[in-house]
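Please read the report below beside the sequence and the model.

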Amino acid sequence: MRMSKMYMPTLRETPSEAEIPSHQLLLRAGMIRKLVSGVYSYLPLGYRAIKKVEKVVREEMDAAGSQELLMSAIQPRELWEASGRWANFGPEMWRLRDRNDREFCLGPTHEEYFTDLIKDEIKSYKQLPLSIYQIQTKYRDEKRPRFGLMRCREFIMKDAYSFDVDEEAMSVAYQNMWDAYDRVFTRLKLNYKVVQGDTGAMGGKVSHEFTAMSHVGEGVVAYCNSCDFAATDEKAQVIYTIPQSDEEEKEIEKVLTPEVKTIDGLVEFFSIERYRFGKALVFVAQGEPVVVVIPGDRELNETKLANYLMVPGHELEMADEEIIKKISGANKGFTGPVGLAEGTRLLVDKRVTTLKNIVVGGNETDYHLVNVNYGRDFQGEVVEDLLMIEEGDTCPTCGEKLSLDRGIEVGNIFQLGTKYSESLKATYLDVNGKEQPFVMGSYGIGVSRSVAAVVEQYHDEKGIIWPFVVAPYHAVVTIVNTKKDEQNQLGEKIYEDLKKMGVEVLLDDRNERPGVKFTDRELIGIPVQITVGKMAGEGIVEYSLRKREGKQEVTADKIKDLIIEAFEEEGFSL
Ligand code: ATP
Ligand code: MG
């Protein structure tokens with residue numbers, strides 16, 4: 001492609017709305033443009049990168065025995081009513097009506113539709129296992145669309161679904177997809193971890209997330225350096241042992257604590273350890289207030305809470321002052337488990353029940369209670385684990401210490417079981433002629449998000465540094481001065497030769513200053529750079545790699561071998 005003809009609107013300045021490198025660089029390199037919040041167009045260079053990711057995904061899915069099809073984005077309400085997700089998906093779902101007032105959504109995902117599609121046609125165990133997938137545009141009206149391609153309201157996803165006779169066969173399909181995902185993200189050159197994920201509203205018990213490690217990632221991963229344990233912070237089980245004491249239960253007392261509302265303030269006021277405060281948090285879950293008590297030194301994990309309450313995450317929120325007053329009789333900051341309004345649901349993290357003589361909010365403005373004991377002074381639903389994991393917590397698998405890092409979720413695999421097949425009545429006849437629900441799995445890859453993840457891991461202050469596998473083009477031939485015939489001639493020749501070789505190549509034949517060409521070249525991040533300048537008359541050019549310092553002068557006939565060498569170094573082939 002001749003850059004003189006190319007639509008590549010690069011920007012010199014970093015757009016102020018872009019906070020993270022991938023967002024800034026994809027905008028600046030003229031690869032994406034925003035229409036409205038969370039809705040982007042992929043411009044020619046950006047779209048080529050997207051298609052590269054799609055190619056890798058497609059090849060690995062096909063190799064894993066999954067078959068590609070393409071479904072519509074529009075899905076009727078009835079499908080989602082059947083699974084219960086018309087209500088449960090909540091405000092993330094884009095809803096619309098046709099001229100006859102029939103309701104639809106723009107698919108945020110396709111479990112229902114895939115299940116419905118096959119249910120009348122796959123009738124017998126003889127037709128199983130089945131694995132099908134699509135690469136398609138998804139719609140989610142995200143609460144906080146941000147970070148460019150990272151969290152969009154319209155984005156490209158690969159979604160696959162497997163249908164099997166039983167749990168055992170499904171776990172084979174699951175492992176098969178896991179392996180395919182490993183190949184995809186390895187080929188994309190991403191530094192990633194596979195971590196246990198929360199299954200939440202999806203249904204099913206087992207899920208794993210493929211997380212590209214990055215300090216700008218929205219996800220947090222807890223992992224062990226001594227064994228292979230890794231889980232999202234939402235999922236990770238907290239092993240938390242409070243020092244046991246054989247203290248006697250003391251008499252409960254009410255203490256005036258004016259203006260002391262925070263745990264820090266209380267630690268100072270009572271001069272005791274943080275964990276000896278019963279921190280009470282008030283939520284509203286599907287309209288009902290719920291008080292949760294956890295040890296004062298820890299944070300609550302809202303995903304664990306939502307799962308325990310069996311409510312979708314969007315139907316769980318912090319209570320406002322008015323509700324707090326109604327159930328506790330006090331201002332915010334003085335809620336506690338003793339003497340809540342009749343009928344208030346109270347959940348207690350198990351760790352709190354093992355503590356003696358704790359301090360809790362007094363349910364009276366400006367008062368706390370001391371020497372409070374579970375069982376004697378209050379009772380509630382004891383929940384095994386409602387805590388958020390922290391750096392240094394104990395590994396649930398091997399007992400060593402856990403580390404925490406941020407990452408970008410680029411893929412997700414779920415063992416769904418029979419949630420969708422049962423609710424949508426999708427069954428097959430087993431060996432004995434008996435009707436059975438399909439046992440399903442679903443598997444997503446964020447195609448557009450993966451492009452952003454690659455940029456997060458491969459860039460410097462000058463621009464993107466694409467690995468060959470995702471690069472919009474493999475090489476760029478820069479003609480330094482287009483007014484010089486010998487430069488034009490040699491540049492054109494190299495350009496044509498590389499094209500013949502199958503190399504995807506750009507020819508910078510623009511009538512621009514060399515500085516502009518070099519700056520753009522660094523910004524758009526094409527891996528191989530060939531500079532045709534002053535020594536063109538002698539057949540000599542400069543060869544450099546975007547990812548490496550330094551350049552070498554070579555005769556034009558050497559370029560081919562150097563490019564092959566560079567491909568090999570990345571394990572890439574045309
Ligand atoms: P997240 O926790 O980031 O919201 P999710 O768990 O909702 O992701 P899935 O429903 O598993 O995501 O979707 C499959 C894949 O699609 C994700 O692994 C991610 O890579 C991608 N994806 C999800 N939401 C978005 C989005 N808003 N923008 C871009 N990609 C997305
Ligand atoms: Mg999401």
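## The second largest pocket

In this predicted model, the second largest pocket is lined by 26 residues, and those nearest its centre are Lys-261, Lys-279, Ala-280, Leu-281 and Gly-333. A pocket here is an open set of points on a 1 Å grid over the protein atoms alone, with protein on both sides within 12 Å along at least five of seven lines, and a lining residue has an atom within 4 Å of a point. Two or more lining residues come from each of helix 7 (263-270), strand 14 (277-285), helix 9 (321-328) and strand 18 (358-361), where helices (H or I, at least four residues) and strands (E, at least two) are DSSP runs numbered from the N terminus.

Strand 14 gives the most to this lining, with seven residues. The lining of the second largest pocket divides into 14 nonpolar, six polar and six charged residues, with Ala, Val, Leu, Ile, Met, Phe, Trp, Tyr, Cys and Pro counted as nonpolar, Asp, Glu, Lys and Arg as charged, and the others, Gly among them, as polar. The volume of the second largest pocket is about 550 Å³, a volume being the space filled by probe spheres set on grid points that are joined across faces, edges and corners.

## The cavity

The structure holds one cavity of 30 Å³ or more, a cavity being a set of points where a 1.4 Å probe fits but cannot get out. About 50 Å³ of space lies in the largest cavity, and its lining has six nonpolar, no polar and three charged residues, including Trp-466, Phe-468, Arg-546 and Glu-570.

An open sheet of five strands runs in the order 28-27-29-30-31 with mixed pairing, two strands being paired if DSSP finds at least two bridges between them. Strand 28 (505-508) and strand 31 (551-555) stand at the edges with a single partner strand each, so one side of each is left without a neighbour in the sheet.

Strand 29 (residues 528-532) and strand 30 (residues 540-545) pair in the antiparallel sense over four bridges, and Gln-529 has Ser-544 of strand 30 as its bridge partner.

## A residue of helix 6

Ala-169 is found in helix 6 (residues 167-187) and counts as partly exposed because its relative accessibility is 22%, between the limits of under 20% for buried and over 50% for exposed (1.4 Å probe, protein chains only). Ala-169 and Met-440 are 271 residues apart in sequence, and 9.7 Å apart in space from C-alpha to C-alpha.

## Conventions

Residues are numbered from 1 along each chain as its sequence is written, and chains are lettered from A and ligands numbered from 1 in the order in which they are written. Local features need pLDDT of at least 70 and side-chain atom pairs count only at pLDDT 80 or more, while totals for chains, interfaces and linings use all residues, and side-chain values use heavy atoms, with hydrogens and water left out.
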